[in-house]
Amino acid sequence: MATSGRMLTCSLLRFHERDGQFIRYTVATDWCTAKAEQKPQQTGAKICRFFSFGHVANWSLNFNALKSSVKPYSHGRKWHCLGEHAMHDSPADDMQDAQGAVAQLLQELGVSKEDAVGISSKAPVYIRELVDAVHELDDAHLWSSWQGESGGSAIEHDTFRNKILQIARTKRDMGIFPFLESIGVNPLSTRHISRYLSAEPLTCLIQKIDFFKELFSPANFEGRNISYMVRRMMMQLSVSADDNLQQSLSFFEKMEAKRGGLTVLDSGDGILARLIESFPKILLQSMDKNLKPAVDFLESTGVPKGCVGMVLLCFPPAILYDIGADIQPRIRTLKKVPKKNVVRGITRCPQLLGYSPDKLKLVLNQINSLGIESKTLARITAFSPQLLLRRSQDFIKVVSFMEDLGLNTKTMGKILDRCPEIYASNVEFTLRRKVEFLVELGIHDLRLQRVLQKYPEFLVMDVDRTLKPRIEYLEHAGFSKENVAFMISGFPPLLGYSVEEVFRPKIEYLVNDMGKSIKEAVTYPRYFSYSLEKKIKPRFRILQNRKIQVDLKTMLSKGDDEFAEDFLGVSRMLVPLTNDF
């Protein structure tokens, strides 16, 4: 049979039949594809689905009567079947209708129209589930059994949008599922979290999310290296991990394993969704009794408004604390420390807010036993607050380690004042390894004690990436192992000098320009502490012009006025030569 215009005849159909299985009929044009399903209980009868541009028409027919009963024709972009009007919209139309239905449901729950439309448009997984559920019930004619005998038939012939609405209402998630998905929560987590939050009105949840969005605004994180602070906390924290702290560490470990790692903390993008996945309990907190008072308290303590979100993000359990019963007693434990130092300590180490007052007092007593002054405690609180979170036994291990090296209490107090990080370090993996490095170099006993007293900072340096490369360079430059040990013993800060910025340029100038042997640096290692441009070169040129030969110590150890009097014949230097390094 032929067709004219837009009429379609059965002579254009070709098919392959398999008894009891799906049969696909393909029209010769690209307009439609038909599927037929064998119904064993109806001999010769088949259920056909005709698709055109995503539109579906379902009806029962006798296969032998296919030519006479099916006369599809084009009407705009929809295909119709004479004698049957039940059909689905295109996938895009279905999704749009479903979004409208969900938005309607959300408004019935008290959500504003603007928020309802926004939520429904950002919950594609939830919408897709509803659409698929309606299609399955339509295709299998199961609306009566789904809804029950009463009203089932009415629903089956209802509009697609109303069917979506009926399905959504029976989910009983009270709109929480699409709302969580709309703010970026992983759909795999939304179902569990929705049940956890089921007793909370959706309008209250929206209010809390708006509160957190403002708190964790990317603008508040701009220029703050939060990822570095979190990494440092994960490495240095040695307090016994209670549930809250363990959950915080787990939160950051999971984040580190995902795409972008901890660097997403610096921008604030997507942080809220990840926070809710790990700490859904924060959405059960009262706005007036918990959330707002927590922020107000931190601000009243002195934490800058832009830093409050950072503090709570780095230690989320603080959101769950009671201000009067939990946080205030911990702050009062540091009453001898100036307020500004406490604030800085909290911003650098928010975990202070969760540390037990009794444990904090114990650490403070141990620190005071080393004879430190109150200003030192203030500096520790501000710049090394992780030390206050040390377990008592770990602090004692460091003290015992120092005692074994021959250091007395007064010296240990000075070391604590100068480099508090040492007392927050692990004895076996950090401190002992640095000491063993110096011992292998030939520095031990009294010389080792001198190094510890004069330059304790080396104890927190990396052996493989910092100390070894510097020693290896000096040996490569011509210094023997014994020379290096002698230089470090005489001038311990040598351990802290950079190869490229200090050693290389000053050794090259010493040998190539000054014409001296590197052994002169062995007898006067302090040579490396003076500025090459501001002191070494100017003084050498003055002596060179006057053809005066002196050793390094004579050339550099004198003050400007003494140097001028000895080598220029004047009582004072008109243009001071500083020894700034």
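## Burial and overall composition

A residue is termed buried under 20% relative accessible area, exposed over 50%, and partly exposed in between (1.4 Å probe, protein chains only). Tyr497 is buried, with a relative accessible area of 12%, and Phe491 also counts as buried, at 8%. Of the 581 residues in the chain, 48% are buried.

This is a predicted model, in which local features need pLDDT of at least 70 and side-chain atom pairs count only at pLDDT 80 or more, while totals for chains, interfaces and linings use all residues. Residues are numbered from 1 along each chain as its sequence is written, and side-chain values use heavy atoms, with hydrogens and water left out.

## Aromatic pairs

The structure contains 12 aromatic pairs; rings of Phe, Tyr and Trp (its six-membered ring) pair if their centres lie within 6.5 Å, with planes under 30 degrees apart counted as stacked, over 60 as edge-to-face and the rest as tilted. Among them is the edge-to-face pair of Phe211 and Phe212, at 5.6 Å centre to centre and 75° between the planes. Both Phe211 and Phe212 are buried.

Phe491 and Tyr497 form a tilted pair, with 6.2 Å centre to centre and 50° between the planes.

## Charges over rings

A charge sits over a ring if NZ of Lys or CZ of Arg is within 6 Å of the ring centre and within 35 degrees of the ring normal. Arg330 lies over the face of Tyr321, 4.9 Å from the ring centre. The charged end of Arg539 is placed over the ring of Phe563, at 4.4 Å from its centre.
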